[in-house]
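Colleague: I am new to this one. Can you walk me through the labels?

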Amino acid sequence: LIFTPIDIVKERMQVQSIMAGRFNYSGSWHAMKSLVADAGVAGLFRGYWATNAVWIPWSIIHISIYEQAKRSAAATLASMGMLGQPQAQQASSSSSAPASSTSSQHSSSSQTDSSQFDTQQGAASGSGTDQGPTPPNTDLLPAWAVGACSCFSASVASILTHPADVIKTRLQVMSSGAQRLTSLDVAREALRREGPKVFASGALVRVLTLAPGSAVSWAIYEPVKRALGG
């Protein structure tokens with residue numbers, strides 16, 4: 001409800017010089033007033049459902065791929081020895097270092113009894129210790145890896161939802177006055193005039209617009225969330 005009016009004004013301001021005089025705005029406020037005068041308040045919400053059809057799938061695809069990419073990146077970095085340790089574990093290991101030197105004699109004498117007890121317990125329970133490797137902790141990913149995962153997932157989401165974005169943009173820019181276009185009308189007309197390639201028009205530019213911003217946002221958000229205990 002907030003994004004759609006802003007999106008319409010932005011798009012119309014960007015294309016008014018090539019719209020053959022269909023609209024001519026002196027500024028953003030003039031564009032907003034003209035849209036209301038042309039079609040009432042509803043004019044500010046042209047393409048509202050088309051906008052949802054773009055950004056809801058985009059968010060679902062982006063987050064799904066982003067989480068999987070983080071797990072894959074964590075596993076890869078862990079196998080290369082490039083994944084850090086939790087702060088609590090680091091603090092524990094550093095604080096126990098002095099004590100370990102004084103307790104080494106006692107621990108060596110108890111290791112045999114402990115191992116025998118663990119073997120007996122494992123045999124009794126039938127579970128043993130073979131439970132598979134623990135998945136790497138994605139919270140330990142460095143900011144650059146988080147940004148790379150987000151950049152990749154945003155790029156894929158942008159490409160997959162781009163045809164819907166083409167339709168949404170044309171619907172918001174081309175509709176005027178009493179003319180009532182639907183998303184289906186716009187899609188059919190675009191396909192008839194320009195062929196299937198129209199739905200890929202501007203895809204690279206859209207990726208270059210969304211992917212870097214997403215990468216920066218998540219590369220900042222994840223460390224801040226961890227620092228705040230989230």
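Modeller: This is a predicted model: local features need pLDDT of at least 70, side-chain atom pairs count only at pLDDT 80 or more, and totals for chains, interfaces and linings use all residues. Residues are numbered from 1 along each chain as its sequence is written, and side-chain values use heavy atoms, with hydrogens and water left out.

Colleague: Why does Glu-222 count as buried?

Modeller: Its relative accessibility is 3%. Buried means under 20% relative accessible area, exposed over 50%, partly exposed in between (1.4 Å probe, protein chains only). So Glu-222 is buried.

Colleague: What makes the link between the side chains of Glu-222 and Tyr-66 a polar contact?

Modeller: The distance is 2.8 Å. A polar contact is a pair of N or O atoms within 3.5 Å; within protein, one must be able to donate a hydrogen and the other to accept it, and residues adjacent in sequence count only if both atoms are side-chain atoms. The side chains of Glu-222 and Lys-225 also make one, at 3.3 Å.

Colleague: Why is Trp-49 called exposed?

Modeller: Trp-49 has a relative accessible area of 67%, so it is exposed. Tyr-48, at 23%, counts as partly exposed.

Colleague: What makes Tyr-48 and Trp-49 an edge-to-face pair?

Modeller: Their centres are 5.0 Å apart, with 75 degrees between the planes. Rings of Phe, Tyr and Trp (its six-membered ring) pair if their centres lie within 6.5 Å; planes under 30 degrees apart count as stacked, over 60 as edge-to-face and the rest as tilted. Trp-218 and Tyr-221 are also edge-to-face, at 5.4 Å and 85 degrees.
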